[in-house]
Amino acid sequence: MAATDRSREERERQVAAAAARYDETGDKRRSVERQQDAGVTFPDSQEALAARTARLLERHAVPAAMVVEAVRAEPLAAPAAYERILGVSKDLQAWSFLPRGARAARTIGRISVRENGRELPIGTGFLVSPSLLMTNHHVLTDADAARQCFVEFDAQVTVDNTPQPPTRLELDPDGFFVADARLDFALVLVAPGPDLRPPGETFGWNRLSVQTGKLVIGEPVNVIGHPMGRLKEIAVRDNMLQVRLDDFLHYKTDTEPGNSGSPVFNDQWEVVALHHSGVPRTDEQGRVLRRDGQVWQPGDGDDAIDWVSNEGVRISSILKHLAALPLPLTSRQQALLAEMGPESGLRLAQPTAAAVAAATPAATPAATAAVAASRTGVEKAAARAGLRARGGAFGGNRHLVFLHGRSQEGREPEKLRREWAGGLNQGLVRAGLPPVDPEDVWFPYYGDRLVQALTAHEAVPRIVEAPTATAAEVVAPVTPTARAVYEEIVGEAATKWNMPHESQLATERIGLGDVVGALQRRLSWLAARSDLDAWAIALVFRDVAAYLDDGRIRDEVLGCVLETMPDAGEVVLVSHSLGTVVGLDLATRLSPGVNVVHLTTAGSPLGLDSVFSRLLVGGPKRPDIVADWLNVWCPTDAVAIGCPLGDDWADGLSDLAVINARDRAHSIVEYLAHAEVARSIGSHLGG
């Protein structure tokens with residue numbers, strides 16, 4: 001059977017199933033309509049309204065000034081306050097709504113099939129990772145059908161309404177293909193183009209989220225796709241969510257055949273559903289009706305059907321299905337799923353240390369580092385040395401020092417120094433200050449020595465082979481005391497981020513069921529509310545715990561850093577992540593002729609009592625040697641969850657909150673590129 005025939009038959013089955021679900025939810029829909037007629041704008045549960053409001057506020061999707069203005073005029077109960085805030089979100093869109101929509105549109109492509117010498121458009125798809133495309137199962141029914149298809153990006157008109165030349169890419173179902181008929185989705189690998197880059201690096205991709213709070217009944221939705229195979233079109237805002245089922249959403253919007261596989265967005269351009277079917281009006285026998293009330297016949301064409309609604313598959317349901325895929329998946333397939341991002345919950349689909357170790361270069365750095373640092377076979381190679389600044393920099397008596405964090409083993413110190421300087425120079429230019437030359441910077445390097453010390457620390461090799469192994473167990477320290485510190489840090493961080501009691505977390509387990517222990521649930525909670533994945537968080541906290549627990553590791557790291565530190569003069573010290581902990585300890589061991597005229601800590605865990613109580617300085621107090629201190633943190637950086645520091649630390653400390661790019665919340669380059677951060681550093685370099 002031809003691919004188009006299989007697609008048509010499967011689509012007809014999906015239309016019938018959607019119509020049946022629509023009829024079954026008639027009472028719920030009529031209840032929503034009655035509430036709306038009575039003036040209730042968002043006829044949803046209080047829990048749903050609360051979750052939606054929290055997501056909007058946490059992601060700065062509603063300007064804080066507008067929120068205050070909306071709720072301060074009169075005392076409001078919680079539901080009324082939620083509705084006010086949601087009303088602001090619905091009615092007032094920032095200018096960024098349009099360019100963000102244009103950015104989202106670039107991720108969407110037209111899928112066509114080669115059949116009998118012709119190329120026929122059959123649906124829409126959209127990128128959900130650098131390399132994976134999502135569409136409907138009824139568009140790509142199996143791997144054989146996908147092999148006959150290709151996808152075109154930028155199949156659209158320009159701002160002058162002239163057709164834009166599209167970019168055609170092949171599908172690679174042999175590399176990755178997963179589909180499910182009930183949820184009507186397919187996920188397929190897109191082959192790189194002539195430039196050998198993953199398509200997402202050119203067109204971008206959508207970060208999917210398994211979390212709740214993305215949409216409530218009464219809010220508008222936006223659909224972008226290729227109806228009837230035409231150039232890209234958009235149905236924006238004149239539509240709304242009607243009914244939410246366990247796995248499906250019903251909404252009103254203008255869509256046509258060919259929109260199958262389109263993303264359904266909320267007003268923040270987050271994907272809330274995979275559009276898969278219109279909902280036709282049917283008679284008592286379940287037969288599809290035409291607009292004139294007569295029974296529809298296949299020869300009448302889709303245009304004659306009386307469409308009454310649309311149905312999409314909830315993205316959270318698809319992600320939970322992917323998280324529960326039966327093993328075995330190859331390491332490459334796991335790596336491709338992991339690239340879908342921290343909120344997808346699929347970083348936790350990597351089941352074993354061995355599987356992560358086998359990941360290809362496309363695997364996430366955090367996953368690869370998880371096994372590199374679990375070290376069942378790390379060879380003790382000669383450690384790379386740090387870099388000294390050239391003489392005479394900054395007047396000769398003032399020194400700029402960069403102190404890195406964990407996961408730098410195997411890296412070239414010179415390259416790292418250039419990366420840090422590049423980020424700082426971005427910020428300095430924005431601040432109107434002169435850039436620095438990387439060769440004028442001291443760069444102590446302890447990455448290799450840290451891994452070697454950790455290897456000796458965990459003298460008993462450990463491989464976790466359980467099929468349900470998660471980041472918490474693969475990464476956890478072996479020694480009992482270090483594990484206790486690690487669990488204390490993770491637990492305190494989750495508590496500071498308002499993690500509810502364990503009994504309330506059923507919906508937060510992201511498809512992992514009851515097999516997930518309390519430690520992993522805490523990591524999952526942190527990952528779901530930040531722009532870091534569970535692996536990245538676990539690895540940082542693991543190494544912080546090992547450093548704080550074992551005096552030999554601490555001495556090894558501090559000794560290594562002191563090998564490449566000035567022994568006299570004034571120091572401007574810029575530290576990151578684990579390096580902020582090392583930096584505070586370092587202040588107790590610097591030469592008497594050294595004064596720290598400025599300290600910057602970025603992405604720091606120093607706000608956690610479980611961390612600062614174990615420092616050599618003896619608790620949360622600024623060392624006397626440090627004259628000026630700026631702590632910079634990002635609210636979506638889970639490593640900095642204890643920030644701001646000012647509430648716990650003694651005087652002389654300034655806190656600065658910044659917003660880093662998604663998926664780079666913990667990046668030192670992102671931190672340094674902010675003008676306020678760079679200005680604080682640069683203003684101390686003049687001597």
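Student: Which residues have a pLDDT that stays under 50?
Tutor: This model is predicted, and pLDDT is the predictor's confidence in each residue. Over residues 348-381 the pLDDT stays under 50. The model still gives that stretch 70 contacts beyond four places in sequence. Residues 504-516 also fall below 50. There the model has 21 contacts beyond near neighbours in sequence.

Student: And what does the chain average?
Tutor: The average pLDDT is 84, and 85% of the residues score at least 70.

Student: How do I read a sheet? In what order do the seven strands come?
Tutor: Follow the pairing from strand to strand. Here the order is S9-S8-S12-S13-S14-S11-S10, an open sheet with antiparallel pairing. Neighbouring strands are turned against each other by 35 degrees on average, direction ignored.

Student: How many bridges join S12 and S13?
Tutor: Three bridges join S12 (residues 263-265) to S13 (residues 271-280), in the antiparallel sense. Take Val-264: its bridge partner in S13 is Ala-273.

Student: Which helix lies across S13 and S14?
Tutor: That is H9, residues 315-323. Helix H9 runs at about 35 degrees to S14 (307-314).

Student: How do I check the length of helix H18?
Tutor: Compare the expected span with the distance between the ends. H18 (residues 534-549) has 16 residues, so at 1.5 Å a residue the helix should span 22 Å. The end C-alpha atoms are 22 Å apart, which agrees.

Student: Is H18 mostly covered or exposed?
Tutor: Mostly covered: 14 of the 16 residues of H18 are buried.

Terms used. Residues are numbered from 1 along each chain as its sequence is written. This is a predicted model: local features need pLDDT of at least 70, side-chain atom pairs count only at pLDDT 80 or more; totals for chains, interfaces and linings use all residues. Side-chain values use heavy atoms; hydrogens and water are left out. Two strands pair if DSSP finds at least two bridges between them. Helices (H or I, at least four residues) and strands (E, at least two) are DSSP runs, numbered from the N terminus. Axes are lines fitted to C-alpha atoms, for helices over the stretch in contact, and angles run from 0 to 180 degrees between N-to-C directions. Contact means heavy atoms within 4.5 Å. pLDDT is the predictor's confidence in each residue, from 0 to 100. The expected span of a helix is 1.5 Å times one less than its number of residues. Buried means under 20% relative accessible area, exposed over 50%, partly exposed in between (1.4 Å probe, protein chains only).
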